[in-house]
Amino acid sequence: MKVTVEEHPGLTETEVVIRCQKLDVQVSRILELLRLSDARLTGEKDGQTYVLEEDAVLYIDTVDRDTFLYTADGVYESHLRLYELERQLASRDFLRVSKSAIVNFGQVKSLRPDFGGRLLLTMSNGEVVVANRQYVAAIKSKLGL
């Protein structure tokens, strides 16, 4: 594989061009990595699609096979599954805290132990998200505890 990088100071946006004989597994992996690095969170609300800043998302939750992104401004529905969002946000400050929820740790205000080894995470807007005991070790590791 040949890789060429050209710098053009006058460009306002980065452009990636892939030239290949055919779309094979290696090229597909490259495309997936590029999409993950440039992925945007989008959500629908009132018939419109919104581009959401990652920092603005408090947490992501699944209810009845539908995925929702919660911000201080409202709730947006996503067409992605929770595991897809988890993979997309893995390198950022998001962490899976239950079978149906991912939280933005930059938006966690406090943690409190609960019955059965669970944790209650209070978000910056005052909402509480329950972290199941299976995920508590990962949360403590993220916090350095």
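**A look around the model**

Modeller: Let's start at valine 97. Not counting residues up to four places away in sequence, valine 97 touches Val103, Leu121, Val129, Val130, Ala131, Asn132, Tyr135 and Ile139. Contact means heavy atoms within 4.5 Å.

Biologist: What should I know about the model itself?

Modeller: This is a predicted model: local features need pLDDT of at least 70, side-chain atom pairs count only at pLDDT 80 or more, and totals for chains, interfaces and linings use all residues. Residues are numbered from 1 along each chain as its sequence is written, and side-chain values use heavy atoms, with hydrogens and water left out.

Biologist: Which residues touch the most other members of the largest nonpolar core?

Modeller: Tyr59, Val97, Val103, Met123, Val129 and Ile139 do, out of 17 residues in that core. A nonpolar core is a set of buried Ala, Val, Leu, Ile, Met, Phe, Trp, Tyr and Cys residues joined through side-chain atoms within 4.5 Å. Buried means under 20% relative accessible area, exposed means over 50%, and partly exposed is in between (1.4 Å probe, protein chains only).

Biologist: Which elements give two or more residues to this core?

Modeller: They are β3 (57-63), β4 (66-71), β6, β7 (101-104), β9 (119-123), β10 (128-131) and α3 (133-143). β9 gives the most, with three residues. Helices (H or I, at least four residues) and strands (E, at least two) are DSSP runs, numbered from the N terminus.

Biologist: What lies apart from that core?

Modeller: Another core, of eleven residues, including Leu41, Leu85, Phe94 and Ile102.

Biologist: Back to valine 97. How far is alanine 131 from valine 97, C-alpha to C-alpha?

Modeller: They are 4.7 Å apart in space, yet 34 residues apart in sequence. Alanine 131 sits in strand β10.

Biologist: Is alanine 131 buried or exposed?

Modeller: Alanine 131 counts as buried because its relative accessibility is 0%. Beyond four places in sequence, alanine 131 is in contact with Val97, Arg118, Leu119, Leu121, Val136 and Ile139.

Biologist: And where is serine 98?

Modeller: Serine 98 is in strand β6 (residues 94-98). Serine 98 is buried too, at 6% relative accessible area. Leaving out residues up to four places away, serine 98 touches Val130, Asn132 and Tyr135. A polar atom of its side chain lies 3.1 Å from the backbone nitrogen of alanine 101.

Biologist: New topic. Which residues does lysine 45 contact, leaving aside neighbours within four places in sequence?

Modeller: Tyr50, Asp73, Gly74, Val75 and Tyr76. Lysine 45 is in strand β1 (residues 41-45). Lysine 45 counts as partly exposed because its relative accessibility is 24%.

Biologist: What about aspartate 46? Where does aspartate 46 lie?

Modeller: In the loop between β1 and β2 (48-52). Aspartate 46 is exposed, at 69% relative accessibility.

Methods: Polar contact = N/O pair within 3.5 Å; in protein donor to acceptor, adjacent residues only side chain to side chain.
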